[in-house]
Amino acid sequence: MSLKTITLDELQASVGKEVGVSPWREVTQRMIDQFADATDDHQFIHCDPERAAAETPFGGTIAHGFLTLSLLSAMTFDTLPGVEGGSMGINQGFEELKFVAPVKTGSRIRTRFVLASLKIRPSGWIQATHEVTIEIEDQKKPALTARWLTMTFVEPKRETA
């Protein structure tokens, strides 16, 4: 669950601003192996430390790009407040997703979130677009950059007579 909640007015006032930076999170070989098992992607660059050290320029194994991407959800819950009255959120998609640099096993990553835009619909759905950058500790290049579209449902307020 998110750390706190903010009002819709506070959320609207945040458009165009950096709205959070997640804590650092270590990417371990165990995480990579579990992701490989879940996705059936056991390529040696992810799962065989000795071979990856000998045959790749990375010096060892690296995380799957999609594992790095999937950690956005956890980093969001560690960082961004929920919307007051919000009952659920869903992923809508990504724009301009780029895997920029590999995440070596044992590296620490974090995400910077900029609220790029917000659309409030009468139905109660709020579409937020965040520019996200997953940084790798002590590296100049980020692991990935993207525009992340999410939807949050907030029960619409009823007009009273």
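## Getting started

Buried means under 20% relative accessible area, exposed means over 50%, and partly exposed is in between, using a 1.4 Å probe and protein chains only. By that scale R112, at 26% relative accessibility, counts as partly exposed.

This is a predicted model, in which local features need pLDDT of at least 70 and side-chain atom pairs count only at pLDDT 80 or more, while totals for chains, interfaces and linings use all residues. Residues are numbered from 1 along each chain as its sequence is written, and side-chain values use heavy atoms, with hydrogens and water left out.

## Salt bridges

Let us begin with charged side chains. Side chains of opposite charge can pair when their charged atoms come close. A salt bridge here is a side-chain nitrogen of Lys or Arg within 4 Å of a carboxyl oxygen of Asp or Glu. The structure holds 8 of them. One of these joins R112 to E135, with 2.6 Å between the closest N and O atoms. E135 lies in strand β7 and R112 in strand β6, so this bridge ties together parts that are 23 residues apart in sequence. (Strands are DSSP E runs of at least two residues and helices are H or I runs of at least four, numbered from the N terminus.) While R112 is partly exposed, E135 is buried, with a relative accessible area of 18%. Both belong to a network of salt bridges that links E18, R110, R112 and E135.

R108 and E137 meet at 2.8 Å, N to O. R108 sits in strand β6 (residues 108-120) and E137 in the loop between β7 (125-136) and β8, 29 residues apart. R108 is partly exposed at 33%, and E137 is partly exposed at 28%. The side chains of E131 and R147 also form a salt bridge, at 3.0 Å from N to O. Here E131 is in strand β7 and R147 in strand β8, 16 residues apart. E131 has 35% relative accessibility, so this residue counts as partly exposed.

## Aromatic rings

Now for the rings. Those of Phe, Tyr and Trp (its six-membered ring) pair if their centres lie within 6.5 Å; planes under 30 degrees apart count as stacked, over 60 as edge-to-face and the rest as tilted. The count comes to 3 aromatic pairs. In one of them, F66 and F99 are edge-to-face, 5.7 Å centre to centre with 85° between the planes. This pair links distant parts of the chain, with F66 in helix α5 (residues 65-79) and F99 in strand β5 (residues 86-99), 33 residues apart. F66 is exposed at 56%, whereas F99 is partly exposed at 41%.

F94 and W148 have ring centres 5.8 Å apart and planes at 5°, so they are stacked. F94 belongs to strand β5 and W148 to strand β8 (residues 144-154), 54 residues apart. F94 is partly exposed at 34%, but W148 is buried at 5%.

## A threonine in helix α5

Leaving aside residues up to four places away in sequence, T76 touches F113 and W148, where contact means heavy atoms within 4.5 Å. Is T76 buried or exposed? With a relative accessible area of 16%, T76 is buried. A polar atom of the T76 side chain lies 2.8 Å from the backbone oxygen of L72.

How values were computed
Polar contact = N/O pair within 3.5 Å; in protein donor to acceptor, adjacent residues only side chain to side chain.
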